[in-house]
Amino acid sequence: MESTKWKCSYRNCNEDATTEGHVFAKEVDGEALVPKLVLACDIHKEKLEFFEKVSK
Ligand SMILES: [Zn+2]
């Protein structure tokens, strides 16, 4: 671990993550969509496929 800062999980994105949430990724073998935990920056959290985690 070289940094304590969260980095955006999106490929080719080097921004610091500002939130966490999940996207639904298609399984390689089958039709099911599986939730996948990701970190997102301000830009990517606006993406339609990103569901921000609601803090309790
Ligand atoms: Zn990003």
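Thr-19 stands opposite Ala-40 in β2, where strands are DSSP runs of E of at least two residues, helices are runs of H or I of at least four, and both are numbered from the N terminus. The model examined here is predicted, so local features need pLDDT of at least 70 and side-chain atom pairs count only at pLDDT 80 or more, while totals for chains, interfaces and linings use all residues. Residues are numbered from 1 along each chain as its sequence is written.

The protein chain holds 0 helices and 3 strands, arranged along the sequence as β-β-β. These strands form an open sheet in the order β2-β1-β3, with antiparallel pairing; two strands pair if DSSP finds at least two bridges between them. At the edges are β2 (33-40) and β3 (51-52), each pairing on one side only. Between β1 and β2, the antiparallel pairing runs over 8 bridges.

Leaving aside residues up to four places away in sequence, Val-23 touches Lys-36, Val-38, Glu-49 and Phe-50; contact requires C-beta atoms, placed from the backbone, to lie within 7 Å. The C-alpha atoms of Val-23 and Val-38 are separated by 7.0 Å, although the two residues are 15 apart along the chain.

For the whole chain, 11% of the 56 residues count as buried. The C-alpha trace spans about 35 × 25 × 20 Å along its principal axes.

Key. Contact = placed C-beta atoms within 7 Å. Buried ≥ 20, exposed ≤ 12 C-beta atoms within 10 Å, placed from the backbone.
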